[in-house]
Amino acid sequence: MPLINRRTFLQGSAALGGAFALGAGMAARAGATPDPQLLTAQFTQAKIAGDAVTPKVMTYGLGETQAKGTPPVLRMRKGEPYAARLINRLDEPTTVHWHGLRIANAMDGVPELTQPYVYPGDPFDYVFTPPDAGTFWYHPHCNTLTQMGSGLTGVIVVENPEDPVFDAEIVLNLRDWRLGAGGAFIDAFKPRDAARGGTYGTVRTANWQQEPTYDAPAGGLVRVRIAATDVTRIYTIGLEGAGAMVIALDGNPVDTPFPLDRYDFGPGQRVDLALRMPDSEGQTVSLGNFRGSHPWTIARFRAIGTSLKRDLRDVAPLPANPISEADLSVATRVPIDLSATAEHRATPSICGSLGYTFWAINEVPWPGDTPDPIAPIEEMKLGKSYVLQIANRTPHAHPIHLHGLSFRILNSNKRTFLPPPTDTILLLPDEQAEVALVADNLGDWVIHCHIIEHQKTGMTGYFKVV
(Lines give C-alpha, C1' and ligand atoms only; values in the text may rest on other atoms or scores of the structure.)
Protein backbone atom coordinates (compact mmCIF):
# COMPACT_ATOMS: atom_id res chain seq x y z
CA MET A 1 0.00 0.00 0.00
CA PRO A 2 1.49 3.40 -0.93
CA LEU A 3 2.50 5.93 1.64
CA ILE A 4 -0.21 8.59 1.87
CA ASN A 5 0.57 12.13 2.98
CA ARG A 6 -2.42 13.89 4.50
CA ARG A 7 -1.62 17.20 2.80
CA THR A 8 -1.68 15.43 -0.56
CA PHE A 9 -5.02 13.83 0.30
CA LEU A 10 -6.62 17.08 1.38
CA GLN A 11 -5.44 18.87 -1.73
CA GLY A 12 -6.77 16.12 -3.94
CA SER A 13 -10.14 15.58 -2.23
CA ALA A 14 -13.22 16.79 -4.01
CA ALA A 15 -15.24 19.43 -2.19
CA LEU A 16 -18.64 17.95 -1.43
CA GLY A 17 -21.54 20.29 -0.67
CA GLY A 18 -24.61 20.00 1.53
CA ALA A 19 -25.21 18.38 4.88
CA PHE A 20 -27.12 15.54 6.50
CA ALA A 21 -28.64 14.93 9.91
CA LEU A 22 -27.87 11.86 12.01
CA GLY A 23 -30.59 9.21 11.99
CA ALA A 24 -33.97 9.62 10.35
CA GLY A 25 -34.46 11.96 7.44
CA MET A 26 -30.90 11.51 6.25
CA ALA A 27 -31.64 12.17 2.59
CA ALA A 28 -29.50 14.34 0.40
CA ARG A 29 -30.65 17.89 -0.06
CA ALA A 30 -31.60 18.80 -3.58
CA GLY A 31 -28.48 19.22 -5.68
CA ALA A 32 -26.17 18.29 -2.79
CA THR A 33 -25.68 14.57 -3.45
CA PRO A 34 -22.19 13.88 -4.85
CA ASP A 35 -21.65 11.58 -7.80
CA PRO A 36 -21.54 8.03 -6.44
CA GLN A 37 -18.29 6.19 -6.14
CA LEU A 38 -18.76 2.91 -8.03
CA LEU A 39 -17.96 0.02 -5.70
CA THR A 40 -18.01 -3.33 -7.48
CA ALA A 41 -18.16 -6.59 -5.52
CA GLN A 42 -16.38 -9.09 -7.75
CA PHE A 43 -14.17 -12.14 -8.02
CA THR A 44 -10.45 -12.03 -8.56
CA GLN A 45 -7.40 -14.22 -7.96
CA ALA A 46 -4.47 -13.35 -5.73
CA LYS A 47 -1.14 -14.63 -4.46
CA ILE A 48 -1.72 -14.83 -0.72
CA ALA A 49 0.05 -18.02 0.38
CA GLY A 50 3.53 -17.81 -1.13
CA ASP A 51 3.53 -18.14 -4.92
CA ALA A 52 0.27 -20.10 -5.01
CA VAL A 53 -2.62 -18.38 -6.76
CA THR A 54 -5.93 -18.49 -4.88
CA PRO A 55 -8.93 -18.49 -7.24
CA LYS A 56 -12.35 -16.95 -6.59
CA VAL A 57 -11.12 -14.44 -4.04
CA MET A 58 -13.78 -11.81 -3.39
CA THR A 59 -12.86 -8.14 -3.41
CA TYR A 60 -14.19 -4.67 -4.14
CA GLY A 61 -13.08 -2.59 -7.09
CA LEU A 62 -13.64 1.05 -7.88
CA GLY A 63 -15.65 1.29 -11.07
CA GLU A 64 -16.20 -1.55 -13.51
CA THR A 65 -12.54 -2.48 -14.05
CA GLN A 66 -11.17 -5.77 -12.79
CA ALA A 67 -9.80 -5.45 -9.26
CA LYS A 68 -6.68 -7.47 -8.49
CA GLY A 69 -6.06 -7.12 -4.76
CA THR A 70 -7.08 -5.72 -1.40
CA PRO A 71 -10.36 -3.77 -1.32
CA PRO A 72 -9.60 -0.06 -1.61
CA VAL A 73 -9.34 2.29 1.35
CA LEU A 74 -12.46 4.45 1.02
CA ARG A 75 -11.86 8.07 1.99
CA MET A 76 -14.58 10.38 3.23
CA ARG A 77 -14.78 13.74 5.00
CA LYS A 78 -16.48 14.29 8.34
CA GLY A 79 -19.74 16.19 7.90
CA GLU A 80 -19.73 15.98 4.08
CA PRO A 81 -22.03 13.81 1.94
CA TYR A 82 -20.71 10.57 0.50
CA ALA A 83 -22.35 8.34 -2.09
CA ALA A 84 -21.46 4.86 -3.30
CA ARG A 85 -23.19 2.66 -5.85
CA LEU A 86 -22.66 -1.02 -5.09
CA ILE A 87 -22.57 -3.17 -8.22
CA ASN A 88 -22.84 -6.88 -7.48
CA ARG A 89 -20.68 -8.97 -9.85
CA LEU A 90 -20.66 -11.98 -7.52
CA ASP A 91 -22.80 -15.08 -8.08
CA GLU A 92 -24.86 -14.57 -4.90
CA PRO A 93 -26.62 -11.70 -3.08
CA THR A 94 -24.58 -9.24 -1.03
CA THR A 95 -24.82 -5.88 0.79
CA VAL A 96 -22.42 -3.35 2.34
CA HIS A 97 -22.37 -2.55 6.06
CA TRP A 98 -20.44 0.60 6.99
CA HIS A 99 -18.98 -0.65 10.25
CA GLY A 100 -18.88 1.98 13.01
CA LEU A 101 -20.52 4.78 11.01
CA ARG A 102 -23.56 6.31 12.72
CA ILE A 103 -25.66 6.76 9.61
CA ALA A 104 -29.32 6.34 8.63
CA ASN A 105 -30.82 2.90 9.23
CA ALA A 106 -31.74 2.46 5.57
CA MET A 107 -28.02 2.68 4.70
CA ASP A 108 -26.84 0.13 7.29
CA GLY A 109 -26.62 -2.87 4.96
CA VAL A 110 -28.44 -5.57 6.95
CA PRO A 111 -30.64 -7.62 4.58
CA GLU A 112 -34.31 -7.97 5.47
CA LEU A 113 -33.91 -5.69 8.50
CA THR A 114 -32.74 -2.44 6.83
CA GLN A 115 -32.50 -3.07 3.08
CA PRO A 116 -33.25 -5.65 0.37
CA TYR A 117 -30.69 -8.12 -0.87
CA VAL A 118 -28.54 -6.89 -3.75
CA TYR A 119 -28.79 -9.73 -6.24
CA PRO A 120 -26.12 -10.58 -8.86
CA GLY A 121 -26.03 -7.93 -11.56
CA ASP A 122 -28.03 -5.42 -9.52
CA PRO A 123 -26.94 -2.05 -8.07
CA PHE A 124 -27.75 -0.42 -4.74
CA ASP A 125 -27.15 3.24 -3.88
CA TYR A 126 -25.77 4.22 -0.47
CA VAL A 127 -25.90 7.93 0.40
CA PHE A 128 -24.94 9.27 3.83
CA THR A 129 -22.86 11.81 5.71
CA PRO A 130 -20.35 10.45 8.24
CA PRO A 131 -20.77 12.45 11.47
CA ASP A 132 -17.52 11.16 13.00
CA ALA A 133 -13.89 11.21 11.90
CA GLY A 134 -11.68 8.19 12.39
CA THR A 135 -10.89 4.68 11.19
CA PHE A 136 -13.83 2.47 10.21
CA TRP A 137 -14.35 -0.38 7.76
CA TYR A 138 -16.86 -1.93 5.37
CA HIS A 139 -17.99 -5.48 4.68
CA PRO A 140 -21.03 -7.49 3.58
CA HIS A 141 -23.79 -8.56 5.95
CA CYS A 142 -24.93 -11.41 3.70
CA ASN A 143 -23.43 -14.91 3.72
CA THR A 144 -21.00 -13.15 5.97
CA LEU A 145 -18.58 -15.92 6.88
CA THR A 146 -18.01 -16.92 3.26
CA GLN A 147 -17.91 -13.43 1.77
CA MET A 148 -15.72 -11.85 4.47
CA GLY A 149 -13.58 -14.97 4.66
CA SER A 150 -13.07 -14.77 0.90
CA GLY A 151 -11.78 -11.19 1.01
CA LEU A 152 -14.69 -8.71 1.20
CA THR A 153 -13.35 -6.42 3.93
CA GLY A 154 -12.03 -2.90 3.34
CA VAL A 155 -10.98 0.05 5.49
CA ILE A 156 -12.68 3.46 5.68
CA VAL A 157 -10.81 6.64 6.60
CA VAL A 158 -13.01 9.58 7.56
CA GLU A 159 -10.86 12.70 7.54
CA ASN A 160 -11.28 15.71 9.82
CA PRO A 161 -9.70 18.96 8.53
CA GLU A 162 -8.91 19.79 12.16
CA ASP A 163 -6.77 16.68 12.67
CA PRO A 164 -3.03 17.27 13.14
CA VAL A 165 -0.85 16.67 10.10
CA PHE A 166 1.36 13.58 10.26
CA ASP A 167 4.42 13.00 8.11
CA ALA A 168 2.83 9.89 6.60
CA GLU A 169 -0.07 7.51 6.99
CA ILE A 170 -0.15 3.71 6.71
CA VAL A 171 -3.40 1.71 6.72
CA LEU A 172 -3.37 -1.96 7.74
CA ASN A 173 -6.21 -4.39 7.10
CA LEU A 174 -5.54 -7.45 9.31
CA ARG A 175 -7.13 -10.75 8.40
CA ASP A 176 -6.61 -14.51 8.14
CA TRP A 177 -7.38 -16.83 5.25
CA ARG A 178 -8.51 -20.48 5.33
CA LEU A 179 -6.23 -21.83 2.60
CA GLY A 180 -4.86 -25.28 1.95
CA ALA A 181 -2.60 -26.94 -0.60
CA GLY A 182 -1.95 -24.85 -3.68
CA GLY A 183 -3.59 -21.80 -2.14
CA ALA A 184 -7.14 -23.15 -2.53
CA PHE A 185 -9.87 -22.27 -0.03
CA ILE A 186 -10.73 -24.94 2.53
CA ASP A 187 -13.85 -25.22 4.70
CA ALA A 188 -14.60 -21.86 6.30
CA PHE A 189 -15.33 -23.33 9.72
CA LYS A 190 -15.45 -26.45 11.85
CA PRO A 191 -18.65 -26.92 13.88
CA ARG A 192 -16.76 -27.88 17.05
CA ASP A 193 -14.70 -24.68 16.78
CA ALA A 194 -17.76 -22.55 16.00
CA ALA A 195 -19.16 -23.79 19.32
CA ARG A 196 -15.97 -22.60 21.05
CA GLY A 197 -13.72 -19.66 20.15
CA GLY A 198 -14.10 -19.86 16.38
CA THR A 199 -12.11 -21.43 13.55
CA TYR A 200 -8.76 -19.77 12.85
CA GLY A 201 -7.28 -19.16 9.44
CA THR A 202 -4.17 -20.88 8.13
CA VAL A 203 -2.53 -17.80 6.54
CA ARG A 204 -2.19 -14.48 8.42
CA THR A 205 -1.92 -11.25 6.45
CA ALA A 206 -1.85 -7.47 6.55
CA ASN A 207 -3.27 -5.97 3.35
CA TRP A 208 -3.32 -9.50 1.89
CA GLN A 209 0.45 -9.88 2.37
CA GLN A 210 2.43 -11.93 4.85
CA GLU A 211 4.72 -9.70 6.94
CA PRO A 212 4.77 -6.76 4.49
CA THR A 213 7.25 -3.89 4.85
CA TYR A 214 6.26 -0.22 4.41
CA ASP A 215 8.59 2.74 4.02
CA ALA A 216 8.11 5.84 6.15
CA PRO A 217 10.16 9.01 6.77
CA ALA A 218 13.07 8.51 9.18
CA GLY A 219 12.46 10.36 12.43
CA GLY A 220 8.90 11.15 11.32
CA LEU A 221 5.54 10.79 13.02
CA VAL A 222 3.38 8.29 11.15
CA ARG A 223 -0.32 7.68 11.68
CA VAL A 224 -0.85 3.93 11.54
CA ARG A 225 -4.51 2.95 11.18
CA ILE A 226 -5.10 -0.72 12.05
CA ALA A 227 -8.39 -2.55 11.47
CA ALA A 228 -9.03 -6.14 12.59
CA THR A 229 -11.31 -7.39 9.82
CA ASP A 230 -10.75 -11.07 10.48
CA VAL A 231 -13.74 -13.32 11.16
CA THR A 232 -12.18 -14.90 14.27
CA ARG A 233 -8.75 -13.71 15.41
CA ILE A 234 -8.21 -11.59 18.53
CA TYR A 235 -4.90 -9.69 18.54
CA THR A 236 -2.50 -8.48 21.21
CA ILE A 237 -0.38 -5.95 19.36
CA GLY A 238 2.96 -4.42 20.31
CA LEU A 239 5.95 -2.73 18.67
CA GLU A 240 9.65 -3.57 18.64
CA GLY A 241 12.23 -1.03 17.49
CA ALA A 242 10.33 2.22 18.09
CA GLY A 243 7.82 3.94 20.32
CA ALA A 244 4.22 4.81 19.55
CA MET A 245 1.26 6.50 21.19
CA VAL A 246 -2.30 5.20 20.99
CA ILE A 247 -4.35 8.15 19.70
CA ALA A 248 -7.72 6.59 18.84
CA LEU A 249 -9.68 3.40 19.43
CA ASP A 250 -12.62 2.21 17.34
CA GLY A 251 -12.82 5.52 15.51
CA ASN A 252 -12.86 7.76 18.58
CA PRO A 253 -9.91 9.74 19.96
CA VAL A 254 -8.57 8.83 23.38
CA ASP A 255 -8.73 11.70 25.87
CA THR A 256 -4.96 11.59 26.39
CA PRO A 257 -2.65 9.67 24.01
CA PHE A 258 -0.79 6.91 25.86
CA PRO A 259 2.25 4.76 25.01
CA LEU A 260 1.58 1.46 23.27
CA ASP A 261 2.77 -1.49 25.32
CA ARG A 262 0.45 -4.41 24.58
CA TYR A 263 -3.12 -3.86 23.47
CA ASP A 264 -5.88 -6.43 22.95
CA PHE A 265 -8.47 -5.94 20.24
CA GLY A 266 -10.73 -8.27 18.34
CA PRO A 267 -12.65 -8.61 15.09
CA GLY A 268 -14.40 -5.37 14.20
CA GLN A 269 -12.12 -3.15 16.30
CA ARG A 270 -9.58 -0.52 15.24
CA VAL A 271 -6.47 1.05 16.75
CA ASP A 272 -4.82 4.30 15.58
CA LEU A 273 -1.16 4.83 16.48
CA ALA A 274 1.21 7.77 16.23
CA LEU A 275 4.47 5.95 15.44
CA ARG A 276 7.81 7.72 15.80
CA MET A 277 10.11 6.23 13.17
CA PRO A 278 13.81 5.55 13.92
CA ASP A 279 16.34 8.21 12.86
CA SER A 280 18.67 5.97 10.82
CA GLU A 281 17.76 5.16 7.23
CA GLY A 282 17.09 1.47 6.73
CA GLN A 283 16.26 0.80 10.36
CA THR A 284 13.05 -1.20 10.79
CA VAL A 285 10.22 -1.39 13.30
CA SER A 286 8.15 -4.54 13.80
CA LEU A 287 4.46 -4.60 14.61
CA GLY A 288 3.73 -7.96 16.18
CA ASN A 289 0.93 -10.07 17.57
CA PHE A 290 1.91 -11.28 21.03
CA ARG A 291 -1.22 -13.24 21.82
CA GLY A 292 -0.60 -16.90 22.56
CA SER A 293 2.66 -18.74 22.98
CA HIS A 294 4.08 -18.02 19.52
CA PRO A 295 4.39 -14.28 18.73
CA TRP A 296 4.59 -13.37 15.05
CA THR A 297 5.23 -10.31 12.92
CA ILE A 298 2.23 -8.54 11.38
CA ALA A 299 4.15 -5.88 9.41
CA ARG A 300 7.38 -3.92 9.38
CA PHE A 301 8.10 -0.22 8.88
CA ARG A 302 11.41 0.86 7.33
CA ALA A 303 12.92 4.34 7.85
CA ILE A 304 13.91 6.21 4.69
CA GLY A 305 15.63 9.53 4.06
CA THR A 306 17.15 12.08 6.42
CA SER A 307 15.68 12.16 9.90
CA LEU A 308 12.84 14.63 10.44
CA LYS A 309 13.67 14.55 14.17
CA ARG A 310 10.08 14.64 15.29
CA ASP A 311 9.13 14.06 18.93
CA LEU A 312 6.34 11.86 20.29
CA ARG A 313 5.68 14.59 22.82
CA ASP A 314 4.38 16.65 19.90
CA VAL A 315 1.40 14.29 19.59
CA ALA A 316 -1.71 16.09 20.82
CA PRO A 317 -5.19 14.61 21.35
CA LEU A 318 -7.33 14.39 18.24
CA PRO A 319 -10.54 16.46 18.13
CA ALA A 320 -13.42 14.60 19.76
CA ASN A 321 -16.37 13.29 17.79
CA PRO A 322 -19.90 14.53 18.67
CA ILE A 323 -20.97 11.52 20.75
CA SER A 324 -23.91 12.14 23.10
CA GLU A 325 -23.32 11.34 26.77
CA ALA A 326 -26.00 9.33 28.56
CA ASP A 327 -27.77 10.80 31.59
CA LEU A 328 -27.14 8.00 34.08
CA SER A 329 -29.59 9.45 36.61
CA VAL A 330 -32.56 8.61 34.38
CA ALA A 331 -31.13 5.84 32.21
CA THR A 332 -33.14 2.67 31.63
CA ARG A 333 -31.17 -0.47 32.38
CA VAL A 334 -31.28 -3.37 29.93
CA PRO A 335 -29.82 -6.80 30.78
CA ILE A 336 -27.84 -8.49 28.00
CA ASP A 337 -26.80 -12.07 28.72
CA LEU A 338 -24.44 -13.83 26.31
CA SER A 339 -24.67 -17.59 26.58
CA ALA A 340 -24.55 -20.90 24.80
CA THR A 341 -27.83 -22.43 23.69
CA ALA A 342 -29.19 -25.82 22.81
CA GLU A 343 -27.88 -26.98 19.45
CA HIS A 344 -30.45 -27.13 16.70
CA ARG A 345 -30.72 -26.53 12.99
CA ALA A 346 -30.91 -22.90 11.97
CA THR A 347 -33.56 -21.45 9.67
CA PRO A 348 -32.47 -21.49 6.00
CA SER A 349 -31.66 -18.01 4.68
CA ILE A 350 -30.87 -16.45 1.32
CA CYS A 351 -27.87 -14.89 3.05
CA GLY A 352 -26.57 -18.23 4.21
CA SER A 353 -26.63 -20.26 7.42
CA LEU A 354 -23.94 -22.37 9.03
CA GLY A 355 -26.64 -24.95 9.71
CA TYR A 356 -26.26 -24.90 13.48
CA THR A 357 -27.23 -22.79 16.48
CA PHE A 358 -24.76 -22.68 19.38
CA TRP A 359 -25.12 -19.19 20.89
CA ALA A 360 -27.80 -16.81 22.18
CA ILE A 361 -28.49 -13.32 23.54
CA ASN A 362 -30.89 -13.33 26.51
CA GLU A 363 -31.49 -17.03 25.80
CA VAL A 364 -32.82 -16.30 22.30
CA PRO A 365 -30.73 -17.53 19.34
CA TRP A 366 -30.99 -15.41 16.19
CA PRO A 367 -32.93 -17.45 13.60
CA GLY A 368 -31.27 -15.97 10.51
CA ASP A 369 -32.03 -13.21 8.00
CA THR A 370 -35.79 -13.50 7.50
CA PRO A 371 -38.58 -11.07 6.53
CA ASP A 372 -40.12 -11.56 9.99
CA PRO A 373 -37.28 -11.35 12.55
CA ILE A 374 -37.59 -12.09 16.23
CA ALA A 375 -38.69 -9.35 18.61
CA PRO A 376 -36.14 -6.65 19.48
CA ILE A 377 -34.14 -6.98 22.67
CA GLU A 378 -35.50 -3.58 23.72
CA GLU A 379 -37.62 -0.88 22.14
CA MET A 380 -35.76 2.35 22.86
CA LYS A 381 -37.18 5.84 22.80
CA LEU A 382 -35.40 8.39 20.64
CA GLY A 383 -33.18 10.66 22.70
CA LYS A 384 -33.44 8.60 25.89
CA SER A 385 -30.48 7.19 27.84
CA TYR A 386 -29.83 3.50 28.40
CA VAL A 387 -27.35 1.35 30.29
CA LEU A 388 -26.72 -2.12 28.87
CA GLN A 389 -25.74 -4.55 31.61
CA ILE A 390 -23.78 -7.08 29.56
CA ALA A 391 -22.75 -10.40 31.09
CA ASN A 392 -20.60 -12.91 29.24
CA ARG A 393 -21.70 -16.24 30.69
CA THR A 394 -19.27 -18.23 28.54
CA PRO A 395 -15.58 -19.26 28.76
CA HIS A 396 -14.86 -17.53 25.43
CA ALA A 397 -14.22 -13.91 24.45
CA HIS A 398 -16.86 -12.10 22.38
CA PRO A 399 -16.27 -8.81 20.52
CA ILE A 400 -19.81 -7.40 20.69
CA HIS A 401 -20.57 -4.83 17.99
CA LEU A 402 -23.54 -2.44 17.95
CA HIS A 403 -24.68 -0.89 14.68
CA GLY A 404 -25.69 2.75 14.31
CA LEU A 405 -25.04 3.86 17.89
CA SER A 406 -21.99 4.54 20.06
CA PHE A 407 -21.66 3.64 23.72
CA ARG A 408 -19.29 4.35 26.60
CA ILE A 409 -17.99 1.57 28.86
CA LEU A 410 -18.78 2.58 32.44
CA ASN A 411 -17.32 -0.29 34.44
CA SER A 412 -16.20 -3.91 34.26
CA ASN A 413 -15.13 -6.67 36.60
CA LYS A 414 -12.23 -7.52 34.25
CA ARG A 415 -10.60 -4.22 33.24
CA THR A 416 -9.28 -0.99 34.67
CA PHE A 417 -8.71 0.92 31.42
CA LEU A 418 -11.96 2.34 30.03
CA PRO A 419 -11.66 3.39 26.37
CA PRO A 420 -13.37 6.33 24.67
CA PRO A 421 -16.86 5.89 23.19
CA THR A 422 -16.94 2.84 20.96
CA ASP A 423 -19.12 0.60 18.81
CA THR A 424 -17.46 -2.68 19.90
CA ILE A 425 -16.54 -4.14 23.28
CA LEU A 426 -14.26 -7.17 23.55
CA LEU A 427 -15.93 -9.04 26.40
CA LEU A 428 -13.56 -11.42 28.14
CA PRO A 429 -14.67 -14.79 29.50
CA ASP A 430 -17.03 -14.31 32.45
CA GLU A 431 -16.78 -10.52 32.12
CA GLN A 432 -19.62 -8.31 33.31
CA ALA A 433 -19.70 -4.72 32.10
CA GLU A 434 -22.05 -1.77 31.95
CA VAL A 435 -22.13 0.44 28.87
CA ALA A 436 -24.15 3.63 28.43
CA LEU A 437 -25.64 5.11 25.28
CA VAL A 438 -28.14 7.63 24.00
CA ALA A 439 -30.69 6.24 21.54
CA ASP A 440 -30.13 9.08 19.08
CA ASN A 441 -30.56 7.22 15.77
CA LEU A 442 -33.94 5.91 14.60
CA GLY A 443 -34.29 2.39 13.28
CA ASP A 444 -33.52 -1.27 13.90
CA TRP A 445 -29.92 -1.63 15.03
CA VAL A 446 -28.23 -5.04 15.10
CA ILE A 447 -26.02 -6.09 18.01
CA HIS A 448 -23.90 -9.19 17.53
CA CYS A 449 -20.64 -10.97 18.22
CA HIS A 450 -18.09 -10.16 15.52
CA ILE A 451 -16.60 -13.62 15.64
CA ILE A 452 -18.68 -14.42 12.61
CA GLU A 453 -19.27 -18.07 13.49
CA HIS A 454 -20.83 -16.87 16.75
CA GLN A 455 -22.90 -14.24 14.95
CA LYS A 456 -24.19 -16.75 12.39
CA THR A 457 -24.97 -19.40 15.02
CA GLY A 458 -27.17 -17.31 17.26
CA MET A 459 -25.30 -14.49 19.07
CA THR A 460 -27.23 -11.73 17.34
CA GLY A 461 -30.18 -9.49 18.22
CA TYR A 462 -31.33 -5.94 17.62
CA PHE A 463 -32.68 -2.80 19.27
CA LYS A 464 -35.54 -0.77 17.85
CA VAL A 465 -35.23 2.99 18.31
CA VAL A 466 -38.57 4.73 17.84
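This is a predicted model: local features need pLDDT of at least 70, side-chain atom pairs count only at pLDDT 80 or more; totals for chains, interfaces and linings use all residues.
Residues are numbered from 1 along each chain as its sequence is written, and side-chain values use heavy atoms, with hydrogens and water left out.

Colleague: How many salt bridges does the structure hold?
Modeller: Side chains of opposite charge can pair when their charged atoms come close. The criterion is a side-chain nitrogen of Lys or Arg within 4 Å of a carboxyl oxygen of Asp or Glu. By that criterion, the number of salt bridges in the structure is 24.

Colleague: Which strands hold aspartate 125 and arginine 85?
Modeller: Aspartate 125 and arginine 85 form a salt bridge whose closest N and O atoms are 2.6 Å apart. The pair ties together parts that are 40 residues apart in sequence, because aspartate 125 lies in strand β6 (residues 123-128) and arginine 85 in strand β4 (residues 82-88); strands here are DSSP runs of E with at least two residues, numbered from the N terminus. The strands are therefore β6 for aspartate 125 and β4 for arginine 85.

Colleague: Are arginine 102 and aspartate 132 buried or exposed?
Modeller: The two side chains meet in a salt bridge at 2.7 Å, N to O. That pair links distant parts of the chain, 30 residues apart, with arginine 102 in the loop between β5 (97-99) and β6 and aspartate 132 in the loop between β6 and β7 (134-139). Buried means under 20% relative accessible area, exposed over 50%, and partly exposed in between, with a 1.4 Å probe and protein chains only. On this scale, arginine 102 and aspartate 132 are both buried.

Colleague: What is the relative accessibility of aspartate 176?
Modeller: Aspartate 176 forms a salt bridge with arginine 233, the closest N and O atoms being 2.9 Å apart. The partners are 57 residues apart, arginine 233 in the loop between β12 and β13 (235-240) and aspartate 176 in strand β9. Arginine 233 counts as buried at 11% relative accessibility, and aspartate 176 also counts as buried, its value being 4%.

Colleague: Which side chain of opposite charge is nearest to arginine 175?
Modeller: Arginine 175 is found in strand β9 (residues 168-177), and its side chain reaches the backbone oxygen of glycine 149 at 3.1 Å. Although arginine 175 is buried, it has no salt bridge. At a distance of 5.2 Å, the nearest side chain of opposite charge is that of aspartate 230.

Colleague: How far apart in space are arginine 223 and alanine 274?
Modeller: Arginine 223 lies in strand β12 (residues 221-228) and is buried, with a relative accessible area of 4%. Arginine 223 is also one of the residues in a network of salt bridges, which includes Glu159 and Asp272. Arginine 223 and alanine 274 are 51 residues apart in sequence, yet their C-alpha to C-alpha distance is 4.8 Å.

Colleague: Which strand supplies the largest share of the lining of the largest pocket?
Modeller: The largest pocket is lined by 21 residues, with Tyr263, Asp264, Arg415, Phe417 and Pro419 nearest its centre. Strands β15 (252-259), β16 (263-265) and β26 (424-427) each supply at least two residues of this lining. The largest share, three residues, comes from β26.

Key:
Helices (H or I, at least four residues) and strands (E, at least two) are DSSP runs, numbered from the N terminus. Lys and Arg count as positive and Asp and Glu as negative; His and the chain ends are not counted. A polar contact is a pair of N or O atoms within 3.5 Å; within protein, one must be able to donate a hydrogen and the other to accept it, and residues adjacent in sequence count only if both atoms are side-chain atoms. On a 1 Å grid over the protein atoms alone, a cavity is a set of points where a 1.4 Å probe fits but cannot get out, and a pocket is an open set with protein on both sides within 12 Å along at least five of seven lines; lining residues have an atom within 4 Å of a point.
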